[in-house]
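Dear colleague,

I am handing over the structure below, and after it I set out what was found. Please read the notes alongside the coordinates.

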Amino acid sequence: MCIDCGCGTNTTHPHHHHDHDHAHAHDHNHGQNDDRRTIRVEEDILSKNNRLAGKNRLLFAARRMLVLNLVSSPGSGKTTLLERTLRELGDRLRFAVLEGDQQTANDADRIAAAGAPVHQINTGAGCHLDAHMVGHGVEHFDLDATDILMIENVGNLVCPAAFDLGEDHKVAVLSVTEGEDKPVKYPNMFHAADLMIINKTDLLPYLDFDVEKCKAYARQVNPNIEILELSCRNGEGMQEWYEWLTAGVEKKKS
C-alpha cells in the first residue's frame, strides 16, 4: 500500500483531468517508532478509498454492468487477452475499458484498435489505480450502453490487492513464464481474486511450469478461487473465458 511502497509520497503524480483531496499527501513519521500513527494513516487511506468504491459500486449496479479489475505483474498478457476478447466477443457484448499505467497510452491505443471505448489513466509514480481515479475515468463512457467494464490495473502484484475499485471481481492473470509459486509469494492478491487465469499455456512445452502445483498454491491461499487455463495467442481455453464473462453479464442483468 501507499505507506509501504512510497507511491503516495509524490503529491504531484498525475491523476488526470481532476483535482482531489484523497489521502495521498499523507504525513510520514520519520525517525520515530510510533506504530499507532502509521496505523491511523493506513486506515485513513483505505477508508476514503472504500467510501468512494462504494459509490462506484452503486453506480455500476444501477447500470447492471459487470465490472472486472484485471490485476497481474507486468507482461502477463492482460492487454493481449483484452484485445482478443474484444475482437471475438465484441459483437455480442458491449465493452468499455479503463487502462491503468504509470506512463504512455500504448495499451489504450491497442484497445482502441480492437474496437472498444477506452480511457487511459496514467498514475505517474503511483503503483495502482484507486476508486477515485476509476470514478472519474468512467465519466468518459456511456454506461447505459455498457455490459462489461474492464479495468486493466497497473502491473503490480502488491498494492492493487488492497484497493477496492467498486468492481464485481478481481481477476488475477498469471503467465506460465512467471513461475508457479506466485500465489504463495503474493498471497494477498490471489486471496482477493475471484478468478485466476493461467495465461500463455502455448508456452508450456518449453518451460518447467507445474500447472497443478500452481493451482494448489492458489487454492492454498484462496480455497474458493476459480481457475481457467488459456492462451490468448492460439485461442486454447478462450471459450471457457467467454462463457464465464457471459454468465457474469447474465447474472447482473437478471
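A residue is called buried here if its relative accessible area is under 20%, exposed if that area is over 50%, and partly exposed in between, computed with a 1.4 Å probe on protein chains only. This is a predicted model, in which local features need a pLDDT of at least 70 and side-chain atom pairs count only at pLDDT 80 or more, whereas totals for chains, interfaces and linings use all residues. Residues are numbered from 1 along each chain as its sequence is written, and side-chain values use heavy atoms, with hydrogens and water left out.

I begin with strand 4. Helices (H or I, at least four residues) and strands (E, at least two) are DSSP runs, numbered from the N terminus. Strand 4 covers residues 148–152, and five of its five residues are buried. Ile 148, Met 150 and Glu 152 point one way from this strand, while Leu 149 and Ile 151 point the other way. Two strands are taken to pair if DSSP finds at least two bridges between them. Strand 1 (residues 66–71) runs parallel to strand 4 and is joined to it by five bridges, with Glu 152 as the bridge partner of Leu 70. Strand 2 (residues 95–101) is also parallel to strand 4, again with five bridges, and there Leu 98 stands opposite Ile 151.

Next comes the packing of two helices. Helix 3 (residues 78–89) and helix 9 (residues 238–253) pack at an angle of about 75°, with their axes 11 Å apart; the axes are lines fitted to C-alpha atoms over the stretch in contact, and angles run from 0 to 180 degrees between N-to-C directions. The two helices are therefore roughly perpendicular to each other, a class that spans 65 to 115 degrees, with angles under 35 degrees counted as roughly parallel, over 145 as roughly antiparallel and the rest as oblique. Helix 3 makes the contact (heavy atoms within 4.5 Å) through Leu 81, Arg 84, Thr 85, Glu 88 and Leu 89, and helix 9 through Met 238, Trp 241, Tyr 242 and Leu 245.

The remaining notes concern charged pairs. The structure holds 14 salt bridges, each defined as a side-chain nitrogen of Lys or Arg within 4 Å of a carboxyl oxygen of Asp or Glu. One of them joins Glu 152 to Lys 78, with the closest N and O atoms 4.0 Å apart, and it links strand 4 to helix 3 across 74 residues of the chain. Both ends are covered, since Glu 152 is buried with a relative accessible area of 4% and Lys 78 is buried with 6%.

Another pairs Glu 83 with Arg 110, the closest N and O atoms being 2.7 Å apart. Glu 83 lies in helix 3 and Arg 110 in helix 4 (residues 106–113), so this pair ties together parts that are 27 residues apart in sequence. Glu 83 counts as buried at 12% relative accessibility, whereas Arg 110 is partly exposed at 31%.

Arg 94 and Asp 147 form a salt bridge too, with their closest N and O atoms 3.0 Å apart. Arg 94 sits in the loop between helix 3 and strand 2, and Asp 147 in the loop between helix 5 (131–137) and strand 4, 53 residues apart. Arg 94 is partly exposed at 39%, while Asp 147 is buried at 8%. Finally, salt bridges that share partners join Glu 83, Asp 107 and Arg 110 into one network.

With kind regards
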